[in-house]
Structures are given as structure tokens and as C-alpha cells.
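Please consult the sequence and coordinates alongside the text.

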Amino acid sequence: MSEHKPTKNVETRPPKACGWMAEFTNEHDLLEAAKKVRDAGYTKTDAFTPFPVHGIDHALGIKPTILPFIVLCAGLTGLCTALLMQWWMNGVDYRYIISGKPFTITPASIPVSFELTILFSAFTSVLGMLALNGLPKFSNPVFTNPKFDRATNDRFFLYVDAADKYYNRDSVRELLGSVHPTSLDEVIEDSSPSHLPRPIWLGALLLVLAGLIPAAIVLNMRASFSDLPRWHVFFDMDFQPKKKPQQTTTIFADGRIMRPQVPGTIAKGQLEEQDPFYLGHDPLKMSLADYRRAVFVSATDQDPSGDAKPADPKPADPKPADPKPADDAKPAEQSPAPVASAPATPPAAVPPVGDGGQAPKYAWLEKLPIEVTDEHMNLGKVKYETYCAACHGYSGFGDGLVAKRALSLLQDTWTPPTSLHADRVQKQPVGQIFHTISKGQGKMASYASSLSPKERWAVVLYVKALQRSRNANIDDVPVEQRSSLTTAAAPSGAESK
Amino acid sequence: MSLKYDPESIQLPEGWRKLTPILVALGVILVAAGFAFSLFAGGGSENASEASMKFFAHSYLANFMFVMSIALGALFFILVQFVARAGWSTSIRRIAELLMQTIPFLAVVFAPVIIMLFANMDSLYEWNRPDKIHSSVIKAKIDVGYLTKEWFTARAVLYFALWSAIGWWFYKRSREQDESGDVGLSLARQKWAGPCIMIFALSVSFAAFDWVMSIDADWFSTIFGVYIFAAGMMAFFATMILISLSLQKAGKVRELITVEHFHDMGKFMFGFIMFWSYIAFSQLLLYWYGNIPEETNWYMVRLTDGWQYLSYGLIPLHFAIPFLGTISRHVRRHRAGLAFWAVWALVVHWLDMTFLVMPNAGPLSFVPMLGHFLGGFGMLLVFLAFFLAKASGTPLVPMRDPRLPEALTYANPIL
């Protein structure tokens, strides 16, 4: 940096003077000189020393910086950001119960608030320091003087900038000369080219271009097709040595990774489920009829007869083509598709019931355990339209959007949803429909985690109402209103309720 | 290098030297008055005397910890100055040394607690009456032999012996240097300060467990010693600031303790306000999050029966307000401002010790608490009397310490 080579193409005007620089051999002289310069009223001054000199700020008359105040503001901003963020995320936008703690601001919010306060403060300190110092700065006129190299070794320099309000070339020279510097030089402008050297530009450009490569690859992959397996950047995260639900294992004899409940035990929250309200059937009644089966059903929630079926699939589907297996509740379907049911699919208990002609396994509830009120009807409608209508359709004909889409894609593995207006479903007691919602049926999953028992019953109520409304005959209409129907052009199904 | 100075300017003011007996008498009277007030703690129930004894015992311990933690802060300050080979603090170091030298006296103040144990009383430590204990946790701690009066006493003696010995060893060398100016004395202290800090850390932690934590022997917090330490350091710097300011007001040590030293003590006080909050919050967060009955009960006691006002009050009083108050360098370089916040810190330190101990004595009630406050003030006067007794006739600045010039020319950088 010391050498400065004037470039040839610069016009030959005299280099501009930038100020005076005095050289000292020790910090005491420097401090004395700095005080003199300060007292003379100069403010655009600077000192360069090989080590930090105590008191130099005071001697130069440097005003305290406003950086601490800026950092305080940034810290408070960080604090408020953290509190707002946690209040919004945990308290408003995505409430998530964590061992029963309150949602909004809690002691657990403090560490995050603290960290964000520190983060904002730290970044502001560093960036603010750079900004207030005018950094990064690649050059300084003092570098033009070769003597200045010793500022990092054993010399102390005091510099008065020509930009100072009171600057006068001769008086500054006189003032600095009066403090006996080792040398006193006028600092002249650095006339070397001020733009960055080309290799640096080139290097920076290359870096930027290299930085675009990953983005370009991502874009390319998103816009094209490939038969190759995807890249696994984090292989051990993509393939973790663990089992997920529905997978197989060699550890257990039955090959299932999901373990059934140990017979004879009750899990937390299951005790109440011996109540017909939670089951849809009455285990007590069942036990009176067949004690052994009742014990087995209550312990495993499996039907012994149903369990036996998979081994011998044929009898299970007496009427294969038509999706009307014996025991199909409202939603669900899985019933044997035209394709011979694969042996792997244990057609979840397709035990003959009711119209199946054999003894009923469960003592189904025949009566709704909730009252038939507008409130429950509305609740059932809302829940039905949220959870059921996607497959079964808003009217229950099994023509939901998912089913339509699957049909249009000609998915041969697709099992169409059951129409809730099929005879078989219409005949089901309410308890059986409830049981289907709770436990799932065929491809239909259990909705017990999404719907509370009361909501499930409300859905049953709504399904029953749907069935009645879509399969009404003239007898359902009050006598005095039948005349209005006959006058109406098209007999659309009367909406009951 | 020898400095020219007026020997009288580094001595206690004339009037202060005679204050010791008066302060001790006043302090004892105030503590006794506090005892009288605590008689109201029973509220006229059939075991009123038991309740008031319980209140007074807790009050005595809280007020003892109030001053003890300051003395321990002084001891740590001395050790850490030598570990760090600090120069800036040389001119204020003697005051801290004198504060540290009160530890043997404070052992006498602690004696009533031991006497209560051997009188078979369980006013303070319920584990002292195993026949009355129902908690299996406390029983286990008694059965294993930890919480017994003999072993408790032995440990207390050990703590005081260690602290007094370390203090005496450092103080002796400091005083010898006043005569000889021998650099070797500084080097010896630098050499041993490190091991002494380890001893200090362990003994303070265990003393905090023994003396304060075991009043609720069901409960446990491994950070408890650090908590007491953090609180004590803050109070120690507040005490240093107030003593230095008072001395200068009386015309002493004027050139030796500069605004830079006050600035630094202010910084330390600010830092330990923050550190206390950090430790106190860390302890709270873990117990709040774990939410286990045996752990949260300690906070439960402190958040019911009127104590919630004190407990929640500590958040603004011990953290938010003094934090914002002392954050500015202008305040820390301003005598009146610094004095205000030092007094504030001492008051909230007393509230903090009250928070640690008093809720275990029963619900908050006004009149006995007034007695507790009088007792605290009396204890502070006794502590001050010990300090003055040690400081009488002793130079208040180690004038021949080789690092003194460094302290006198030391300046904070302008930020």
C-alpha cells in the first residue's frame, strides 16, 4: 500500500493535498500533540498507533458515539419481535398444547426473547460500528506516505484532515511543527486508480456465478422429468433406522410393527370406553348373549368371526361385484373390489351381519344416545361436510370430489366409497354407523381422533337425516302439504328437518 | 516508585473510628426490637409463641444472609483480582479486604443458629426434629447423616474456617506489602488465588444448601449456591460504592479512587443485577417447565399468602428497573446517580434474602415484617461496625502495592 504508482492516463494535475501528518516516537508525545490540536479546535483528526493508547479518545476530543443507543433500540426491537412472534405463533396462529402450559407469553418465552434481543443487538453493534466508521474502506490517503508503514510497528501518527472546518494549510503546519514531531509531512491524495482491480471483480463474479449453480440445479429439476431416483442429500435423515406405522418387522411373530393392545389391559383414557356412548354397541348386552365373544371383542376390539375371514376370503364376499359386503357402515368401503382381494389386504372384518344372516356380533345401539336437536343436526352437518363429504359426497351418494377424481384418473386400486343410500347401509343401526366412523372400515380410516364421540353421534344423526331425505316417499310428507308437492313441477326429495 | 501522600488522607475519618460500639449497641437493640415485633406473628393462636419464634428465627437467618453474602462477595472479589492480575482495582482493594475481614465476626453472629439446633428447636430447620418429620425425602437426608445437627455444625465451622483462613492469608500479605512493597507478596497471592476460588465456590455452594436451602429440606436446586453468590456480588459492589463515596465525602482517598473506579464498580453492579436475573430465571424456568410437585412447591409457597407481591415484585425491583437505571455510563459516572442505585441494590438484596427465607415462616403479615426490616437494618449496622473496627488505624489504600500506579492512571475507553 505504501507504493503508489500514478497511472499514466491520469491527467497531469497536481495531486490534491489531504492534510498533515505528524510522526512521533512515543505515545506521550502523541497524547500531548493530540491535546494541543484538540484545543486548537480541530475535530477532523485521527491518530494511528501500534497499540491501543489509553486516553487517546479524550486527547483527540472524540465525542462518545451514539452506537450504544442504537444497539439499545435494536435490542428492544429484538425483544418485541420475539414476544410478538411467540404470541402470534403459539397463542394465535397455531395453538399447540404442550403439557397443559398456557399458550401465550410464559416463562418459556423468555429464552427466545433473550436470544433475539442479543442477536439483534450483536448484529447492530457490528454493522453499526462498520457504518459509523465508514467501513469497509479500501484505502486512506495516509497510506501514500511510506513512513506510515511504521504505524503498525513503532511509530505514532497524528493526522489533521484538510476537510476540517478550520483547516488552513500553513497554520496547521505551524501548529504540528510546534509539538516537535519526528517528521511532518503533507498527505497527498492517493492517485492510484480507485476502482477495484480486475482480478477481484472477476473473482467476485465467479463466486456469485458459483452461488447460482445450486439454484439452477433446483430450477432445472423442478421444470423437468427424470426416471432417476432423487438425490438424497441427507441420506441418514431420509432413511432412518426406525419403523413407521403399517410397516412389517421380523421382530414379532405376526410381522406387524404396530402392536395390538395387550389383552386384558386398559390404556389411559380407555376406561370410559366400556360405555355404549363411546362404542356404539352395548358390551354388557353382548356379554349376556355370548360371554366369551364379548370378552374377546372388548379386549381386542376385533370380531372373532371377522378375524377368521382373511384366511378364507371367498365366503367373505358373497356378492363381489356390488360393493355391498355384509358389514359396511356408512363411510367406508374397501369392500372387495372387482379385482380379487389381494391376500395382503385383510379385508378388515367383513363379517356377515344383519342381512348377512348370521348372529349379530355386536349389540348395536338402535337409538341415538344424543337428543335430536337443531344444534346437534347442525354440528353433524358441519362435521359431515368437513370430514365425510370429500369421499361420500354432500348428499351421501359416494360421489365426493375425491371419488370423482379417482374415477377420472382410472385408478384401478381405488375402491369407490359406499353410497350411504345403499340398502345395506340404510338398514344399519345407528350404533353400527357410529362404530364405523370410530374404527374405520376397509379403506376408510378411523375418525376417532378428529371427531369427539358426541360429534360422531351428531354425524350419525345427520347421515340418518340424509338417508331419510334422499329416500323419502309421499307418506313422509304431512298430509296438508302434499297438495303443494303435486303442484310443484319436479318432485325433488323433500329435505326433512 | 514511592508516592508522596498525606498518611491521614488514607485513614478512616476521625469521627468514624469511635462509632463501632455505638453501632453494635444500636444494631443489637434493633434486632431485639425486631424480635419484639415478631411476637405478633402468632396472631393469638394457641401456639403463638411457637409461631413467633419461628418467624424470628427465619428473620434472623434472612438478615444474617443479607450481610454474610456481602462479606463473601468481598472475599471473592479479592480472589478474582489476583487471579486476573488486575491493576485497575488496586486503589479500592483494601476496602474490599476489610469487608472480607468481617467474616470471623460474622461467625459469631451465626452462632445463635447453631445454639438453636442444640436446644433441640425446629423453629428454623424442621429436620432438627426427626420425630416430627413426615416427608420421606427429608427423612432420607437425615438418615444418611447429612442433615444432623452435629454434621451441620461441623460443616458450618469448616466453612467459616476456610473463608477466614483465606481472608486472613490474603489480608496479611496485603498489610506486609504496606511496609515492604515487596512484589513477591503479590506474586504469592496470584499463585494461590486460583485454588482458593475453587475452595470458595464449593464452600459457598454448600453453605447456601445448608443454611438457606435446608429450611425447606424437601426442595432442592443445584443452582442455589450460584444464586446466593450472584445476589451477594451485586450487594457487595453496592456496598463498595457506598463506602467509597462516603469516604470521599468525608475528605479521604479523594485522588486515589477516581471516577473510573466508580464507573467500573457500577459496571460490575449492573453486570451482577443481570447475572442474578439470569440465575433466578434459570431456576424458575426449569421448575416451571418440569412442573413436578416436589420441585414447584417451593415456588408455590412464595406465590401464595401475600408473598406473591414480593415474588412478582422482585422482577421489576431486582431486575427491570435497576437494569434500565444502571445501563447508562452517564449514570455510572455520576456520584449521586450511582449512590441512588447502590442503595436500591442493597434494599432489593434484602428483599431477595427475605424472598428466599421468610415465606417458609408463614403467611405475610405487616407488623412482624416491620420487625424483620428493623432486624435487617440492625444487622447492617452491626456489619458496618465490624468493618469500622477492622478499618480503624489501617491504611485504606495499599500505597506500596506495585500495581497502584496502574490503578491511578487507569481510564475507561470512551465508547
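Q246(A) is exposed, since 8 other C-beta atoms lie within 10 Å; a residue counts as buried if 20 or more other C-beta atoms lie within 10 Å of its own, as exposed if 12 or fewer, and as partly exposed in between, with C-beta atoms placed from the backbone. The model is predicted, so that local features need pLDDT of at least 70 and side-chain atom pairs count only at pLDDT 80 or more, whereas totals for chains, interfaces and linings use all residues. Residues are numbered from 1 along each chain as its sequence is written, while chains are lettered from A and ligands numbered from 1 in the order in which they are written.

Q246(A) is located in the loop between α7 (235-238) and α8 (276-279) of chain A; helices (H or I, at least four residues) and strands (E, at least two) are DSSP runs, numbered from the N terminus. R85(B) belongs to the loop between α3 and α4 (90-100) of chain B, and R85(B) is exposed, with 12 other C-beta atoms within 10 Å. Another backbone feature of chain A is the cis peptide bond between L135(A) and P136(A), with omega about -5 degrees. P136(A) lies in the loop that runs between α4 and β3 of chain A.

Chain A as a whole contains 18 helices and four strands. Of its 497 residues, 26% are buried. Among the contacts in chain A between residues at least 6 apart in sequence, 73% join residues at least 24 apart; two residues are in contact if their C-beta atoms, placed from the backbone, lie within 7 Å.

The four strands form an open sheet in the order β2-β3-β1-β4 (chain A), with antiparallel pairing; two strands pair if DSSP finds at least two bridges between them. At the edges are β2 (45-48) and β4 (183-188) of chain A, each of which pairs on one side only. From one strand to the next, the twist averages 20 degrees; axes are lines fitted to C-alpha atoms, for helices over the stretch in contact, and angles run from 0 to 180 degrees between N-to-C directions. Strand β1 (residues 17-24) of chain A pairs with β4(A) in the antiparallel sense over six bridges, and A17(A) stands opposite I188(A) in β4(A). Helix α1 (residues 27-39) of chain A packs on the sheet, where it touches β1, β2 and β3 (156-161) of chain A, and its direction makes about 15 degrees with that of β3(A). Helix α5 (residues 169-177) of chain A likewise packs on the sheet, touching β1, β3 and β4 of chain A; its direction makes about 5 degrees with that of β1(A).

Elsewhere in chain A, helix α16 (residues 430-439) is mostly covered, with nine of its ten residues buried. Among these buried residues are I433(A), F434(A), H435(A) and K439(A). The buried residues of α16(A) pack against α17 (453-470) of chain A. G440(A) follows α16(A) and has a positive phi, near 85 degrees.

In chain B, helix α3 (residues 48-83) and helix α9 (residues 224-249) pack at an angle of about 85 degrees, with their axes 7 Å apart. This angle makes α3(B) roughly perpendicular to α9(B); angles under 35 degrees count as roughly parallel, over 145 as roughly antiparallel, 65 to 115 as roughly perpendicular and the rest as oblique. Among the residues that make the contact are G73(B), F76(B) and F77(B) of α3(B) and I228(B), G232(B) and F236(B) of α9(B). By class, this contact of α3(B) with α9(B) has ten nonpolar, four polar and no charged residues; Ala, Val, Leu, Ile, Met, Phe, Trp, Tyr, Cys and Pro count as nonpolar, Asp, Glu, Lys and Arg as charged, and the others, Gly among them, as polar.

Between the chains, ten residues of chain B are in contact with twelve residues of chain A. The side of chain B that touches chain A has nine nonpolar, one polar and no charged residues.

Confidence remains to be considered. Chain A averages a pLDDT of 80, and 81% of the residues score at least 70; pLDDT is the predictor's confidence in each residue, from 0 to 100. Over residues 304-359 of chain A, pLDDT stays under 50.
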